[in-house]
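Please keep the sequence and the three-dimensional view at hand while following them.

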Amino acid sequence: MNVNQHTPMASPYGQPQPGYGQPSYAPQDGGYPGPYSPYNGPASAHQPGVPPQGYSPFTSFPSKAVAANPVSDLSSPLDLGPTRLPPTSAPPPASAPQPYNQYTHSQGDMQNGPPPMTQAPPRPAAAQPYTQGHVNMSGSLPSYPQHYGPPPSMQQVTNQMTGMQITPGPPTSAGPGYVPPHSSQPPLSTAYSAAAQPSYTQAPPPASSAPTQPPPASGPAASQQYYGGPPPSSQQPFNSSLPPTSQQQFTSSVPPPPSQQSFPPSSFSGPAPPPTRPQGPPMSQSQPQMPFPSQPPFSAPPPVSQPGFAGGPPPPVQGSFPPQPTQPSSQPGSFPPPGPPPTSATSGQYTTSMAQQPPPPTQPSPYHSGPPPPRVQMPPTSMGQSNHMPPGPPGPLQQPPAQPGMQTGFPPQQNGAFGQVRGPQPGYAGPYPGQPNYGAQAPAPAPSAQKRLDPDAIPSPIQVIEDDKAKSTEPFTTGVRGQAPPLVTTNFQVKDQGNASPRFIRCTAYNMPCTSDMAKQSQVPLAAVIKPLATLPPDETPPYMVDHGEAGPIRCNRCKAYMCPYMQFIEGGRRFQCGFCSCVTEVPPQYFQHLDHTGKRVDCYDRPELSLGTYEFLATVDYCKNNKLPQPPAFIFLIDVSYNAVKSGLVSLICNELKTLLDLLPRENPEMDSVVRVGFVTYNKVLHFYNVKPTLAQPQMLVVSDVSDMFVPLLDGFLVNVNESRQVIESLLDQIPEMFADTRETETVFGPVIQAGLEALKAADCAGKLFVFHTSLPIAEAPGKLKNREDKKLIGTDKEKTLFQPQVGFYKDLAKDCVAQGCCVDLFLFPNQYVDLATLGVVPVSTGGSIYKYTYFQAQADQERFLNDLRRDVQKQVGFDAVMRVRTSTGIRATDFFGSFYMNNTTDVELAGLDCDKAITVEFKHDDKLSEETGALMQCAVLYTSCSGRRRLRIHNMAVNCCSQLADLYRNCETDTIINYFAKYAFRGVANNPTKAVRDTLVNQCAQILACYRKNCASPSSAGQLILPECMKLLPVYLNCVLKSDVLMPGADVSLDDRAYLKQLISCMDVTETHVFFYPRLLPVMKLESGSLPVAVRDSEERLSKGGVYLLETGLHLFLWVGASVQQELLLNIFGTPSFSQIDPNLTSLPVLDNPFSQRLREIIDSFRAQRSRYMKLMVVKQEDRSELIFKHFLVEDKSASGGASYVDFLCHMHKEIRQLLS
């Protein structure tokens, strides 16, 4: 496999870990060290006699290995391959059988196959496996390029032809990296190898061969492409590109369907099994294939194959491939399997056997001449199937034949599978095109197998969500360090006992790696999503306020951390040692208290700052700008009164609504009137300021036509108290729509509008918020004037990134001035065409503001959504002139921040405004080692001015565990938070990189995370098996949703402004919002009970029934999908009409009918809206109606119209990528 290539793909993130992928190259050299080396091992390292280690070990050993660490509590095996099934049957070599199981089960308990063998092959040491990590990093080879990099070799060419992108190429740097696996080839694999060996000893293919074979080129590339566009699926053959490695694995497996596999799985896995055994297996394979599950393909051939192997060319087995020198490369994949799983299977993996459908017969062909290379063909789709799951079902997917990589065919062998040598798989072509095909048998079998993964067999988001709800019955107490909270989809109560509530902070990992090497090896991002002012449910206590008087908060002398539960009092309570920097500080006399017999202060539980994770301090004048207490904030409403705004009904709508909204301004004490002052401006090409002083009988208008030098023409009377000036304000709001009713002015300005609001706040010496209502591209002569630069021809090119960058530098400078004054800007856009949101959004995003977009606004249809958004935006709790700093204990530090804010230095996050909906994602990196005893601490301190004008400090503390074992890291991660980080990282990246490079980076990093787990934490199993950590088994499906999003893979109807809008919106979302945005909630509403919601179904068209009605929510949209054969009674209850044809598709709200069903459905819709920060407009979608295309865009498990892969295909693709890394 061209691992190389593979790596490249990843590039952005980092190379594939050396440990992983490169290997494929390694083989080149012949002996690979490295975990996978096995395969190459086979070639060189192994002796011929020995089966190639690489995979053979797997193979044989699978079974035992498995046993060894059969269960991983953590992981769940997803068996992609055929069922492991009959491992027993495996008759093949003794070990073979085991293999099955082994790999079958391969991952710890999860396995389905027979139990794993007892001994787990040793997985190479964790470390070893991972070489990758660093390698990866370092390698980092260019991700994409590499992929292809190596010159194609004949083999690879073939592969390519088959569809794989394989290029042999020398190993990429990463390759070398791989090398790490130095152990001679086997190490990692060893376990496998061993096993395998037995199985195949014959394998001995030439080590070199492996290398030889070009690894499939760039799995990544392939994948990428797959990703990127419509999946090439078939052409990909399999993704064929499939990383070599993975391909191999899959491939192998696939090729021979299980039966074929019969040989020892291991061999199977190898590229094609050795030719030797053209064998029956193949045939059997074909049939078994299908079964996958049951037929343990291997078994069929049983030993024979293995032996066969021996006889024949060395089994290709992964390792084997070596035998075939040529193929090696591709083989690599195989090993990985072996290697991967190492140790901790426990981790709880979800293993899915990628058994994958047998490679479809066709596959073979794709491959190359050799025996058919089954896998190759596997298209992405197959990927999916292969994935794991149940071998049996191939059905749905049916994608292309199984991906090569996936083992469908031989599931059993899958993981460890290598062990058995699978004789040549017929199905497979040689393993790789170039490769000889070992068993050239015939591809025939493949055909049979061709199954596609069963979507029901792969990890289900709904199942995971429901399982979490079932186990989260008690309140979540935060006193236990490193305890992962319930999922965001679960309703739970939080009790603060010393760490911040997950409503304020969620981490990607609650077990941080002790060292940076371990972090690089795993590639799991270390980040926290912090929502400092999050709204708590009514049954939870808001943060307590602590007032230390004029002395102010107690802090560490050195690092300035605030007093918190992590401070240790010593010397009888006279001094305290900082938990962050270990500095000792004197306790001020007024704060002194004695200690009890445990060393805790006697008043510990009376003081929030000593016992809670979240609390607030009243800040003293020392924490205020210019050392003087702040003025209450002001709200300024700036209304576009150009032709478009007036004619659409927008101006009169805003003015009407403001009359009632002014009574709802934010206040801290509901009993008191708000102290927020208000001001009004209207504008088109010029600005109109209004004097609404309470002593006036009528408001006065002052016009500023020189927009190049903006100033505020009045001081007294512009910002006023609502209650004092109510009559004048209401008179003004009545007059504005009349004054501009006959306007013919179509041009607008934008920069001077923000400047005007900023100058008004400066003159009043206060912070505040500007509410700007704007309709069009600002083309009038003025500072910040823009031109229309929308160019569809740039989409998908290297210049596309420029469209996400601001057109002019003016707004960046303006944003800096706004932040300095505490001027936050909220932008309400009503465009009918391109308005360059990437540029207009600079000020709102930099000041902590929000952007709301109502394209083609029509007062009748859109007023409900706009007015609800406006009401919530005006009323919500917000802090002004805020500064956030994240302090950490020695060993890690905050290095990167994502969200809506401004940064003048590397530590202070400045927010002119910070509201209760804004989240900031913070990434941490190691700057030293951490210790398992002390864990890692972080303290987020936010200094802000409340809406009543008081300076406050909100403190959130969080302690997480540290671990020196990768298995512990993978046992305590939160996938939803990882996806939040990945989405923000990727969406920010599109402004500086081609979207394809960004997608490849994501895929590569995800593959590295999963490959590291497979290599170091999972019990050995066949390569055909996809093994996922239990807490990350949804990472592929969620990541695919991010890759298919409109920002990274837009459909033809998605505008640049839409993409810029989503990019900015997601940058400040919390974990709950990104979860429902990327994986929408789809509820069947045919039967409703009061008090509980129906269980959701997966986001796929095949889950919809023609007789059903479904409600889908994304956090931004709500759809009610009505099937064409819904019963009349249901239609009458919901719509009041008995006929499907009479339902009005333009409904934006359901009729209020007097029946329990209608009432309950409307309650559910209202409750969904109440949970989201933006009002979701309802759209009724009738089956087969034109609007169904929009609805289907959100069925994220299916292929997307813009070319995004289905979940099943992507899973197969991911498996291929992982195998490639491992090889």
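This is a predicted model: local features need pLDDT of at least 70, side-chain atom pairs count only at pLDDT 80 or more; totals for chains, interfaces and linings use all residues.

Strand β22 is joined by 6 bridges to strand β25 (residues 920–926), and the two run antiparallel. Within this pairing, I892 lies opposite H926 of β25. The pair belongs to an open sheet of 4 strands, ordered β5-β7-β25-β22, in which the pairing is antiparallel. From one strand to the next, the twist averages 25°.

The chain has 1223 residues, of which 70% count as buried. The accessible surface amounts to about 35400 Å², and carbon and sulfur atoms account for 52% of that area. Among contacts between residues at least 6 apart in sequence, 81% join residues that are at least 24 apart.

A second open sheet may be considered next. It consists of 3 strands in the order β9-β10-β11, again with antiparallel pairing. Here β9 (568–570) and β11 (584–586) stand at the edges; because each has a single partner strand, one side of each lacks a neighbour in the sheet. Neighbouring strands of this sheet are turned by 30° against each other on average, direction ignored. The antiparallel pairing of β9 with strand β10 (residues 575–577) extends over 3 bridges. In this pairing F569 has F576 of β10 as its bridge partner.

Attention now passes from strands to a helix. Helix α27 (residues 726–739) has 14 residues, and at 1.5 Å a residue it should span 20 Å; its end C-alpha atoms are 20 Å apart, which agrees with that expectation. Which residues of α27 are buried? They are V728, I729, S731, L732, L733, I736 and P737. The cover over these buried residues includes the helix α26 (650–661) together with the strands β14 (677–683), β15 (687–691) and β17 (720–721).

Is K769 buried or exposed? Its relative accessible area is 1%, under the 20% limit, and K769 therefore counts as buried. The side chain of K769 makes a polar contact with the side chain of D826, at 3.0 Å. Leaving aside residues up to four places away in sequence, K769 touches A634, F635, I636, C824, D826, D873, V878 and F880.

Whereas K769 is buried, D798 counts as exposed, with a relative accessibility of 56%; the cut-off for exposure is over 50%.

Definitions and conventions. Residues are numbered from 1 along each chain as its sequence is written. Side-chain values use heavy atoms; hydrogens and water are left out. Buried means under 20% relative accessible area, exposed over 50%, partly exposed in between (1.4 Å probe, protein chains only). Contact means heavy atoms within 4.5 Å. Accessible areas come from the Shrake-Rupley method with a 1.4 Å probe; for residues, only the protein chains shown count as cover. Two strands pair if DSSP finds at least two bridges between them. Axes are lines fitted to C-alpha atoms, for helices over the stretch in contact, and angles run from 0 to 180 degrees between N-to-C directions. The expected span of a helix is 1.5 Å times one less than its number of residues. A polar contact is a pair of N or O atoms within 3.5 Å; within protein, one must be able to donate a hydrogen and the other to accept it, and residues adjacent in sequence count only if both atoms are side-chain atoms.
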